[in-house]
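Please look over the sequence and the model shown below before reading on.

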Amino acid sequence: MPPSAAPGAAESRAMTEDDELEVALALSLLEVKDCPPSSPSGSESLPPGERPTQGRSLDLKKQTNPEVSSPQPTLKPQLQVTDRTVSRPPGSVPKQSAVGEINQKMGIGDLDPAEEHKQPKKRRQRRRGAQRQIVGLPPSPSAAPPVLLWFRRDLRLCDNPALIGSLEVGVPVVPIFIWSPEEEEGPGTTVAMGGACKYWLHQALSCFSASLERIGSHLVFLKATAGGSQAGSSLSILKDLVKETGARTVLANGVYEPWLKERDDDVLTALRKDGVDFKMFHSYCLRDPYSVSTEGVGLRGIGSVSHFMSCCQQNPGPALGVPLDSPASLPSPAHWPEGLPLDALGLARMPKRKDGTTIDWAANIRKSWEFTEEGAHARLEAFLHDGVYRYDKESGRADAPNTSCLSPYLHFGQLSPRWLLWDAKGARCRPLKFQRKLAWRDLAYWQLTLFPDLPWESLRPPYKALRWSSDRGHLKAWQRGRTGFPLVDAAMRQLWLTGWMNNYMRHVVASFLIAYLHLPWQEGYRWFQDTLVDADVAIDAMMWQNGGMCGLDHWNFVMHPVDAAMTCDPCGSYVRKWCPELSDLSDELIHKPWKCPAFMLRRAGVVFGQTYPERIITDLEERRTQSLQDVAKVRKEFGQYVDKRSGCDLVPLPPRLVSEALDRGLVTAGKQFLLPVITRMEFKHQLEDPDADAASNPYNAVLKGYVSRKRDETIAFLNERDFTASVMHEGAQRRERLERDYRRMEGLPQPAAPRGRARRTPTAKDRFSIVPGGAVSSLR
C-alpha cells in the first residue's frame, strides 16, 4: 500500500470498527433480553409468546464497509444467509456462457459473474451448501403466532423462495396444502388434474411431507368441500386457519393459470381486509408471464419462441438470482392445526372390480418413477452426465434415453426452473436446445394468460368449423394403442403404462389423430391431460392447438405414422419393447407388418385381428388429402379471417394486447382487432386449388423421417466397401474357374475349395452389409 494511503485507511478502519461495535451492542441487547441460554448445538430459541424484531438485517456483511478486511464480530441473527462466491484470477473477465445468452434473451437479468460456476464440481459443491447456506430457526415448539406457508406446485425444499421467506419472518412456520379440485379445474374443460397427475401428486405430497419431518416440521393436509360455495373454498379454509392459529402472515409461491391467479387475487383482497398479510413469490417460471410485454418488438411472429424471447429481452424483468439451498430446520408452533390424512384427499383412489379386488392401474408408474425431490436431482445429474451430449442431435430417438424426463418434476415444483438452468449451465456440455425448452415452457404460460380459453377453444375462428370425425372406435383404438400402426401403438402403450412419452412421439401420435384420423384436437388434449404424469394445462393446450392447425404457431410439419420411425426408432427396438407381439419381425418390416409375407408372419406368430390389431385406416394419402381439402374449404368459407395480401390467417387479439398494439397497422373487422399469424405454406397453396391432392402440393408438410447424417454416411461407406469386396470376389471366382478349366484340360488335380462363409460386417445393421466369403479376410 502506498504511504499516502495508509492514514486514510487506518482512519476508515477505526470508524468502521466503532460502527460495528455499536451494531453488535444493539443487536446483543435485543437478543439477550429475556432469552434463555443458547442450546449446545449453537442455535437460539425464541422466548415464548414473543416475536423477534422484523427489521433485523439478514447479512451482517451488508452493514459494514466493503473495503475493510478486519475480522468481523461474531453475531447470531435468527436467520443467517451466507453467500460464497467463486474466486477468479485478478483482472480476469468471465466468459459469456450459454446460459448467459439464454438469460439475456429471456430478459431475466444478468447473473453475478462472481457467482458463476466454473466446473461441474462447483455445481455439486453448491448442492452440499458451498454456495448458499440457510440456517433456520430451531425446530423447538414456540407459542408465537405462526406464519402460514401455503404449498401448491412447489413441493421442494431447495430453491423455494416462499419457504425461505417464511424463515425471514422469524416466527414458527405452519406448512399447509389445500386440495380444491373445483378451483384447479377452472371455468372450462381443462382437465387440470387427470388420473395420472393426481397419483403423482399423492406420491409427491407423501415424499415432501417426509422431507419436512426430517427438518422438524410436517405438512398439514386440508380439503375444500365440493359445491363451489364460499364456505368450502381455499379462502374460507385460510380464514379458519388464521382464526385458529392467530397467524398474521400467509406466504405462497405464485401459480399462473388465469383462474388460479384470480383465486389468489381474491384471497389477497379478503385477507388484507382482515389485517392479514398475503405475500406471493415468483418461482414457477423463469419469467412471470404477466410481466411480458410486446412493446418495442411488435406482434409479427407472435406465438413463436423467438418472438417471445425477443419480447423478454426488450422488456427485461428482475435478475434471475442464485438458487437457494434447503433450510437446515423449520421452527414449529406450540399447537398444530388439525388436518386430514393424505388418503382423505382421494388423489390415489383406485377402482374396484365386481368381486371387490382393486385395479392397481398405477403399478407401472410406480416402477418407472422416483417421486422424491432427491429423485428429481438424481435424474438431472444422470442426464447432465450422459444424455445431454446427444440431446441436440438425437433428442427425438425413442429407443435411447436421450431426454431428461424432468417434466413431471418441473410441473409439480419438485425441481425449480432456476435450479435446472443453473445446473445445465454448470455441465460440461451446454446445449442451447435443452435450455431453450424452458423458454417454450414460459411461452406456453404467456399464451394461456392471453387466451384463458386456450384448453378448449380454437384460437383461429375458421377452424372451429372444421369437419371432424365422430368415430369413437377410432378414438378408442388410438387411446389404447391398437391402431395397427406399430409406432403409434408403442407410444400410446408407453403413455398408458408409464404416464410419459418423449416430445417427438407426442408429435407423432398427435399428427396421426388429427391429420389421418380427423379427430378433434380437444380429444387428444383431454386424453393427454388424463394420462400424462406431467400433464400441464398451458403446455398441452398450446401444443394441441398448434398441432390441431388452430394455434398461434402452426406446426410446419406432419409426422408420418410409418416413415417417422426412421428418425425415432430405426432398428425397431422401441416397438419391440412396447409391442412385444411384433418382436420377431425384421427391422425392415416391423413398422409395416402388413407388408410381411405370410410365412414371415407365421414364423413370428403374428395373426392380424388376434395377436395384433388390423389397421384402422389403410389409405394414408387419401386421408391426408381429405384433411387438406377440409382446411381449404373452411378458410375459403371464412375469407374475412384470411389476409388477402399474405394469405395468413387472422386471429382476434385479446384486450391485453390491443392496448399494446394500437396504431400499428392492424387489420380490423368490426370491433375486432385482427392480426396475421404464422400459417403453414401448404394451406396457402391449397387455397388456390382446394380440390388438389396432398401429393401435388409443393409444400407438402409430411415428414418422411430421417436418420442422422453421420449414420447415413456410415451406411453408404459400408455399402460401397461391400460392393468393392463383391467385385473382388467375382474376379477371384473368375480366376478360379479358369484355373479349374485349365487343370481339367491338362489332367491335373483340382485345388481345395475356400472355407470362408458369407458374414455380416461387425458394425452395420442393414441387409446390404453381407460380405461374400473368401473375398475379404478382415474388415479392419
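## Aromatic pairs

The structure holds 24 aromatic pairs, where rings of Phe, Tyr and Trp (its six-membered ring) count as a pair if their centres lie within 6.5 Å, with planes under 30 degrees apart called stacked, over 60 edge-to-face and the rest tilted. One of them joins Phe-151 and Phe-208 in an edge-to-face arrangement, with 4.8 Å from centre to centre and 70° between the planes. This pair links distant parts of the chain, since Phe-151 belongs to strand β3 (residues 147–151) and Phe-208 to helix α6 (residues 195–214), 57 residues apart; helices (H or I, at least four residues) and strands (E, at least two) are DSSP runs, numbered from the N terminus. Phe-151 is buried at a relative accessible area of 0%, and Phe-208 also counts as buried, at 2%, where buried means under 20% relative accessible area, exposed over 50% and partly exposed in between (1.4 Å probe, protein chains only).

This is a predicted model, in which local features need pLDDT of at least 70 and side-chain atom pairs count only at pLDDT 80 or more, while totals for chains, interfaces and linings use all residues. Residues are numbered from 1 along each chain as its sequence is written, and side-chain values use heavy atoms, with hydrogens and water left out.

## Cluster and charges over rings

One aromatic cluster is formed by Tyr-199, Trp-200, Trp-361, Trp-369, Phe-371, Tyr-409, Phe-412 and Trp-500. Elsewhere, charges sit over rings, a term that requires NZ of Lys or CZ of Arg within 6 Å of the ring centre and within 35 degrees of the ring normal. The charged end of Arg-152 is placed over the ring of Trp-150, 4.4 Å from its centre, and Lys-433 lies over the face of Tyr-391, 5.7 Å from the ring centre.

## The chain as a whole

The protein chain has 27 helices and 14 strands, and 52% of its 780 residues are buried. Among contacts (heavy atoms within 4.5 Å) between residues at least 6 apart in sequence, 77% join residues at least 24 apart.

The axes of helix α9 (residues 305–314) and helix α15 (residues 432–450) come within 10 Å and cross at roughly 85°, the axes being lines fitted to C-alpha atoms over the stretch in contact, with angles from 0 to 180 degrees between N-to-C directions. The two helices, α9 and α15, are therefore roughly perpendicular to each other, a word used for angles of 65 to 115 degrees, while those under 35 count as roughly parallel, over 145 as roughly antiparallel and the rest as oblique. Residues making this contact include His-307 and Phe-308 of α9 and Trp-440 and Trp-446 of α15.

In helix α14 (residues 417–426), ten of the ten residues are buried, so this helix is largely enclosed by the rest of the structure. Among them are Arg-418, Asp-423 and Lys-425.

Glu-184 has its place in helix α5 (residues 181–185) and is buried, with a relative accessible area of 17%. Not counting residues up to four places away in sequence, Glu-184 touches Arg-153, Trp-179, Thr-190, Ala-192, Trp-259 and Leu-260.

Cys-550 is found in the loop between α20 (537–547) and β8 (558–559), and is buried at a relative accessible area of 1%. Although Cys-550 and Leu-459 are 91 residues apart in sequence, they are 5.7 Å apart in space, C-alpha to C-alpha.
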